[in-house]
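I opened this notebook to keep track of what I looked up, one entry per topic.

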Amino acid sequence: MPATTDPATASRPQRSAALIITILILAAVVSSFEATMMYTALPGIIEQFHSTAGSAGWILTGFLLVGAASAAISGRLGDAFGRRNVLIAVLLLSVVGSVVSLSAHSLAVLIIGRSIQGFAGGLVPLCVGILRENLPRKNLPVAVAVVAGAAMCGGAAGNIVAGNIYDAWGWHYIFVVSLALALVTAAGAVLLPPAVSRTGFVKVDWLGGILFAPGIALAMYGINKSSEWGWSSGRTWAFVAGGIVVLAAWVTWEFVTDHPLLNVRYFASRKIGLTLIATMLVSFGTLGISGFLGQLVMQMPKIAPVGLGLSAGTAGDISFFCSLLGFAIAPLSGRISRGGRSRNAFLVGCAFGLAAAVLSALLLGTVAGWIVSQLVLTCATGFMLSSLPNLVVEGVQGENTSEVSGFYMVTQNAFSAVGTSIGTTILSQHLVRGTPFSTHASYNTLFTIIAVCSVLAFGVALFIRKGMVGGAGEDLEALAESKGQLTHLSA
């Protein structure tokens with residue numbers, strides 16, 4: 001169906017750039033805040049529901065998987081029905097998720113609510129799209145950078161706000177904040193200008209946009225339950241095999257369909273393929289496992305093999321102030337990346353990732369030592385998340401930037417979810433007999449995995465060629481960098 005002009009646009013009132021940016025800042029903060037807000041509450045939820053890290057970790061994994069699928073399809077939905085309309089719909093779904101979670105009195109209902117909240121992962125591409133629709137080209141890079149920076153602060157605030165709310169009133173009230181924030185933002189989004197054109201419900205590869213998420217979920221659920229069912233159980237292998245079959249069907253479908261939403265053929269491109277592989281590795285380790293691990297180390301009681309005995313509020317405060325270093329480092333990474341040298345900035349990030357894993361294993365016995373390791377980890381994530389999107393920009397023609405950047409975002413979120421699920425499962429499978437506490441060796445296993453992933457990513461990056469394919473202007477570079485920052489949800 002050809003694109004049709006929205007009749008309302010001819011006489012719509014003009015909105016100031018400041019109003020548009022303010023509303024989109026709120027939307028980006030909703031996405032990043034909701035992604036990080038449950039990290040500080042995770043240890044308490046494990047204790048309250050007499051659960052394990054593996055089971056409770058699904059309140060994080062479910063959000064990330066749904067967020068990855070939402071990020072994949074929200075842009076196309078915005079093209080079809082107007083980005084403002086889809087933005088409001090996604091915000092209202094987030095409200096529904098908060099309501100369900102707020103009323104939860106079981107872990108299963110909480111996981112369902114958090115998964116519904118995961119639709120907020122689609123807010124990021126919609127925000128960028130609305131900016132491109134309504135702002136002059138010369139103002140776009142600055143506007144995108146402002147929204148990206150605010151989102152990073154929102155993600156960091158998720159730890160400090162949620163931690164102190166948890167200490168004062170309990171985890172339920174964290175959802176009161178997320179509900180109010182999403183409602184206010186949805187009301188504000190009504191003031192955004194309507195889309196200039198909408199394509200309507202055209203043929204889109206919806207199946208390719210969502211099929212990977214249930215495939216990953218099935219496989220991860222089987223691995224997660226292996227500690228309860230055992231690896232000799234047919235149920236364990238049924239879920240794992242079922243997930244692999246679904247993922248194989250997804251890859252096959254994306255190869256044969258004419259217009260794939262997530263074009264797996266880009267893996268054949270040397271620069272893009274290697275960049276996506278590097279993204280998988282660091283998303284699994286440094287961005288995925290490390291995301292939840294810090295809160296567990298800080299909040300577990302001192303009687304546990306690993307634990308500093310800090311309150312949720314104090315742990316959130318530490319995470320917030322450490323994350324400020326990552327925000328400060330992003331410009332340095334950008335300078336290193338100039339002239340097609342983003343690979344160098346990523347290599348620096350991998351080196352910091354290895355150092356953070358080693359220091360975490362050596363210094364987790366004291367608060368001061370742990371803060372040092374987390375500052376190094378923040379340097380790693382800062383360099384990684386500002387260099388990877390720029391590597392995407394360097395590897396494609398300008399007209400393909402949005403498509404491949406979307407693939408990058410989905411890859412990062414999906415493998416962060418896998419890392420979270422695998423990491424929490426390992427902790428759950430190695431408990432001190434008669435206690436809910438994971439062994440010291442299990443934490444060392446996770447630090448080793450993070451270190452190995454950093455080393456492998458470093459090796460992969462060495463084969464990424466420097467320079468730009470061409471057609472990627474400064475505005476697209478800023479756009480790609482903002483996407484990387486906006487998807488940094490676990491720092």
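**Entry 1. Overall make-up**

I noted at the start that this is a predicted model. I looked up the secondary structure and found 19 helices and two strands. I then checked burial over the chain. Of the 491 residues, 59% are buried. Taking contacts between residues at least 6 apart, 81% join residues at least 24 apart.

**Entry 2. Helix 5 and helix 6**

I asked how helix 5 and helix 6 pack. Helix 5 covers residues 83–102 and helix 6 covers residues 107–117. Their axes are 7 Å apart, and the angle is about 165°. Angles over 145 degrees count as roughly antiparallel, so helix 5 is roughly antiparallel to helix 6. The crossing of the two is left-handed.

I listed the contact residues next. Helix 5 brings Leu-93, Ser-94, Val-96, Gly-97, Ser-98, Val-100 and Ser-101. Helix 6 brings Val-109, Leu-110, Gly-113, Arg-114, Ile-116 and Gln-117. By class I get six nonpolar, six polar and one charged residue in this contact.

**Entry 3. What helix 6 buries**

I stayed with helix 6 and looked up its buried residues. They are Leu-107, Leu-110, Ile-111, Gly-113, Arg-114, Ser-115 and Gln-117. Which helices do the buried residues of helix 6 pack against? I found helix 1 (17–36), helix 2, helix 3, helix 4 (58–81), helix 5 and helix 9 (172–189).

**Entry 4. Helix 1 and helix 9**

Two of those partners, helix 1 and helix 9, I looked up as a pair. Their axes come within 9 Å and cross at roughly 155°. With a cut-off of 145 degrees for roughly antiparallel, helix 1 and helix 9 are therefore roughly antiparallel to each other. This crossing is left-handed.

From helix 1, the contact takes in Ile-23, Leu-26, Ala-27, Val-29, Val-30, Phe-33 and Glu-34. From helix 9, I noted Val-177, Ser-178, Leu-181, Ala-182, Thr-185, Gly-188 and Ala-189. The classes here are 10 nonpolar, three polar and one charged.

**Entry 5. Salt bridges**

Side chains of opposite charge can pair when their charged atoms come close. I searched for such pairs and the count came to three salt bridges.

I took Arg-83 and Glu-133 to begin with. Their closest N and O atoms are 2.7 Å apart. Arg-83 sits in helix 5 and Glu-133 in helix 7 (residues 123–134), so the pair links distant parts of the chain, 50 residues apart. Glu-133 is partly exposed, at 29%.

Next I checked Lys-225 and Glu-228. Their side chains meet at 2.7 Å, N to O. Both residues lie in helix 11 (residues 212–229). Because they are three residues apart there, about one helical turn separates them. Lys-225 is buried at 15% relative accessible area, whereas Glu-228 is exposed at 56%.

Then I turned to Glu-394 and Lys-271, whose side chains meet in a salt bridge of 2.9 Å, N to O. Glu-394 belongs to helix 16 (residues 367–395) and Lys-271 to helix 13 (residues 270–299), so this pair ties together parts 123 residues apart in sequence. Both Glu-394 and Lys-271 are buried.

**Entry 6. His-50**

I looked up the backbone at His-50. Its phi is near 50°, a positive value in a residue other than glycine. Most residues other than glycine have a negative phi. Where does His-50 lie? I placed His-50 in the loop between helix 2 (42–48) and helix 3 (53–56). His-50 is exposed, with a relative accessible area of 74%.

**Entry 7. Asn-344**

Asn-344 counts as partly exposed because its relative accessibility is 22%, and buried means under 20%. Leaving aside neighbours within four places in sequence, I found Asn-344 in contact with Ile-336 and Lys-466. I also noted Ser-333, 11 residues from Asn-344 in sequence. The C-alpha atoms of Asn-344 and Ser-333 are 8.9 Å apart.

Conventions. Residues are numbered from 1 along each chain as its sequence is written. This is a predicted model: local features need pLDDT of at least 70, side-chain atom pairs count only at pLDDT 80 or more; totals for chains, interfaces and linings use all residues. Side-chain values use heavy atoms; hydrogens and water are left out. Helices (H or I, at least four residues) and strands (E, at least two) are DSSP runs, numbered from the N terminus. Buried means under 20% relative accessible area, exposed over 50%, partly exposed in between (1.4 Å probe, protein chains only). Axes are lines fitted to C-alpha atoms, for helices over the stretch in contact, and angles run from 0 to 180 degrees between N-to-C directions. Angles under 35 degrees count as roughly parallel, over 145 as roughly antiparallel, 65 to 115 as roughly perpendicular and the rest as oblique. A crossing is left-handed if the near helix is turned anticlockwise from the far one by less than a right angle, and right-handed if clockwise. Contact means heavy atoms within 4.5 Å. Ala, Val, Leu, Ile, Met, Phe, Trp, Tyr, Cys and Pro count as nonpolar, Asp, Glu, Lys and Arg as charged, and the others, Gly among them, as polar. A salt bridge is a side-chain nitrogen of Lys or Arg within 4 Å of a carboxyl oxygen of Asp or Glu.
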